[in-house]
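Please keep the sequence and the 3D view at hand while reading.

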Amino acid sequence: MISFPPSLNSRCLTLAAIALSGVCAVFGSSSAGEVNPVAAPQSMIWPSVASPVPREPLMEARIADLLRHLTLEQKVAQMVQADIRYVTPEDVRTYRLGSILNGGGAFPANDKYAKVSDWVALADRYYDASMDSSEGAPPIPVIWGTDAVHGHNNVIGATLFPHNIGLGAAHDPDLIQRIGEVTAREVAATGIDWTFAPTVAVVRDNRWGRSYEGYSQRPDIVRAYAGRMVQGLQGTPGTPTFLDINHVVAAAKHYIGDGGTDRGIDRGDNLSSEQELFDIHGQGYVAAIQAGVQTVMASYNSWQGSKLHGQHHLLTDVLKTRMGFDGLVVSDWDGIDEVQGCSKDRCSQAVNAGIDLFMVPEQWRAFLQNTVAQVRAGDIPESRIDDAVTRILRVKLRAGLFEKGRPSSRPLGNRLALVGAPEHRAVAREAVRKSLVLLKNSDGLLPLRRRINVLVAGDGADDIGKQSGGWTISWQGTGNTNTDFPGATSIFGGIRAAVVPAGGTTTLSVDGTYRSRPDVAIVVFGENPYGEWHGDIKTVEFRGADPIDILRPAPEVSPRGAWSAPRTPAAVPDESGPDSNLALVRRMRQRGVPVVAVFLTGRPRGVTAELDAADAFVVAWLPGSEGAGIADVLFRANNGAINYDFTGKLSFAWPRSAANGNPNRSGMGDSPLFPYGFGLTYCIRHCDAPLSQTVWQTQPSSMSQNTPTSR
């Protein structure tokens with residue numbers, strides 16, 4: 001066991017205080033790895049972690065033999081990862097490249113609508129090229145990586161799960177593992193070997209544009225989830241499931257401190273002490289290594305002014321030496337470009353710091369040539385190259401890539417029926433139900449009966465792209481329409497499917513106009529899709545047409561965090577229009593129509609006015625492709641009984657105002673509007689569930705008097 005700082009020793013007591021029945025048992029470590037304390041005072045910060053994946057002597061001998069047969073150029077080529085838009089199978093054959101990836105918005109033949117068979121056919125071509133030994137080079141299979149971060153989100157028709165912020169609200173580690181298993185099967189069906197997931201960031205400032213990639217503001221929750229997602233993706237070490245045909249290689253990211261940068265600026269500077277870096281931002285990596293994670297992705301951010309991609313202490317001394325990680329460390333997209341003295345095509349500092357595989361999507365040829373030259377010039381020891389390639393080969397061998405054969409020949413390869421399979425969508429729909437958080441329910445408006453006249457309004461009501469958020473088909477999640485999501489269900493589609501068969505009626509009206517007075521209006525609104533960098537904002541206050549404020553940190557910042565001038569604000573508005581959502585809700589109320597507000601968001605926002613205006617307020621986060629999960633909870637069953645109760649609880653404190661926009665850090669601003677762990681439920685007085693699962697204790701807030709009742 002690890003000796004945690006006092007702030008983490010009381011994990012079970014703290015979680016018990018939020019009244020999750022059996023939560024300490026649920027969140028207890030399920031991994032096989034053990035953590036051993038070390039004696040030296042400085043080393044006490046970082047533990048020695050025993051991975052459950054031991055080194056195998058025969059495998060290590062095979063790796064050493066392969067290394068002996070590689071030239072320096074071929075070794076460095078194994079350290080290159082190029083994007084499929086800029087590298088061909090013939091390039092892989094000629095240069096003996098070790099890895100490829102499809103970045104956000106990259107598809108076979110640049111075809112957004114590429115079929116599963118197209119993905120597999122391209123994977124076959126890259127694989128065949130890497131295994132061609134006609135020129136005398138030893139055959140080493142290429143490994144293909146992808147950002148499958150909420151399902152296989154780059155592929156048309158795939159199952160899309162709620163983003164991590166929603167999964168954090170579900171408080172269900174078993175569900176997390178099942179999501180990992182489903183994602184792995186869909187990735188494997190397209191012939192891809194590796195996903196750059198899970199993100200184990202602990203978000204400390206909601207202005208950060210990647211907040212939705214974090215499970216929680218609390219490191220103990222992130223730690224509990226990290227290992228289970230790794231286990232779902234890779235299988236269980238020590239069993240036949242580990243990296244078998246149903247699983248893929250996982251990557252814990254972004255190492256380290258990406259969620260704790262000053263002012264929440266993406267790629268910014270984390271000013272934490274080293275102890276805080278471990279206590280807050282290191283917990284997910286402990287769990288990931290305990291679960292046998294095979295890759296770790298370095299982060300764009302700096303720590304105390306030094307870019308992580310060039311940080312030898314954290315990459316080598318801490319991660320590889322002290323924590324015992326023996327897999328590979330991969331850079332982020334052109335991540336070396338921001339290290340002082342480096343560029344996209346050369347960075348001896350990053351090689352020497354401990355990066356093993358370099359994501360140089362476009363300028364990979366120059367990087368290969370320059371790195372070889374730097375080795376020959378003595379700037380990079382060849383022993384460091386040998387260590388990097390050893391780690392890359394170790395991961396490929398553990399993943400069975402030498403034995404699995406062509407992607408199309410593998411049992412799951414080209415299994416079209418797996419991508420978006422009904423049983424996979426059922427898991428995603430369950431995740432949507434469990435992620436929903438009820439913040440207000442005046443006079444017990446919810447749950448609704450089905451045989452009523454329902455008006456569904458707001459620009460998020462029938463927009464699958466908006467409800468899915470960033471990292472959905474495209475990098476930022478923009479440029480998509482509902483036709484790009486075959487098999488998916490919008491929120492309106494789910495409501496209609498619940499109401500109409502029961503004898504009710506539904507009307508879709510984005511602006512809220514109607515001819516026949518509805519019994520209730522469900523208004524769906526929130527943030528438009530965004531991804532990393534473009535999602536940073538000045539304030540968490542939610543208001544229409546708030547331009548996204550992009551602040552680009554300098555390539556290398558001082559310990560005090562000196563920043564370059566802001567870039568031009570993005571043209572994409574954060575919301576649909578100035579106060580339009582609030583005006584819509586108020587207009588419905590003025591007409592005597594009860595309003596259920598459904599808020600789509602990747603982070604807690606200041607929505608006090610909208611909360612006051614609506615009768616009921618539901619945070620749906622970014623639910624993904626299965627919008628019907630929302631109707632499952634909003635509406636009663638056909639017999640009038642509760643269909644599904646709200647079980648989601650905030651995994652982030654909710655800000656009271658823009659001035660309180662950073663409630664994730666203790667002691668920052670005034671008390672939150674809703675504390676961590678808040679969430680109302682139907683089952684306050686009458687419910688079939690055990691009492692321990694129905695009562696939710698929380699501190700008073702301006703909305704807590706709106707206690708729901710069952711009727």
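In this predicted model, the largest nonpolar core holds 135 residues. The members that touch the most others in this core are Trp 46, Tyr 126, Trp 144, Trp 194, Tyr 255 and Leu 314. Helix α9, residues 173-189, supplies the largest share of this core, with 8 residues.

The chain as a whole can be described next. The protein has 711 residues, and 65% of them count as buried. Its secondary structure consists of 23 helices and 19 strands. Among contacts with a separation of 6 or more, 78% are between residues 24 or more positions apart. The accessible surface amounts to about 23900 Å², and carbon and sulfur atoms account for 52% of that area.

One sheet deserves a separate look. Strands of a sheet pair through backbone hydrogen bonds, either parallel or antiparallel. Between β9, residues 295-298, and β12, the parallel pairing runs over 3 bridges. In one of these strands, β12, Val 330 is the bridge partner of Met 297.

The charged side chains come next. A search of the whole structure finds 41 salt bridges. One of them joins Glu 382 and Lys 75, with 3.1 Å from N to O. This pair links distant parts of the chain, as Glu 382 is in helix α16 (residues 382-398) and Lys 75 is in helix α5 (residues 72-78), 307 residues apart. Are the two partners buried or exposed? Glu 382 counts as partly exposed because its relative accessibility is 36%. Lys 75 has a relative accessibility of 7%, and therefore counts as buried.

A second example is the salt bridge between Lys 112 and Asp 484, at 3.0 Å from N to O. Lys 112 lies in the loop between β4 (99-102) and α7 (116-130), while Asp 484 lies in the loop between α19 (464-468) and α20 (491-499), so this pair ties together parts that are 372 residues apart in sequence. Lys 112 is buried, with a relative accessible area of 19%, which is under the 20% cut-off for that class. Asp 484 also counts as buried, at 3% relative accessibility.

Arg 207 and Asp 205 form a further salt bridge, at 2.7 Å from N to O. Here Arg 207 is partly exposed, with a relative accessible area of 23%, whereas Asp 205 is buried, with 2%. Finally, a network of salt bridges links Arg 210, Glu 213, Arg 267, Lys 307, Glu 338 and Glu 532.

How values were computed. Residues are numbered from 1 along each chain as its sequence is written. This is a predicted model: local features need pLDDT of at least 70, side-chain atom pairs count only at pLDDT 80 or more; totals for chains, interfaces and linings use all residues. Side-chain values use heavy atoms; hydrogens and water are left out. Two strands pair if DSSP finds at least two bridges between them. Helices (H or I, at least four residues) and strands (E, at least two) are DSSP runs, numbered from the N terminus. Buried means under 20% relative accessible area, exposed over 50%, partly exposed in between (1.4 Å probe, protein chains only). Contact means heavy atoms within 4.5 Å. Accessible areas come from the Shrake-Rupley method with a 1.4 Å probe; for residues, only the protein chains shown count as cover. A nonpolar core is a set of buried Ala, Val, Leu, Ile, Met, Phe, Trp, Tyr and Cys residues joined through side-chain atoms within 4.5 Å. A salt bridge is a side-chain nitrogen of Lys or Arg within 4 Å of a carboxyl oxygen of Asp or Glu.
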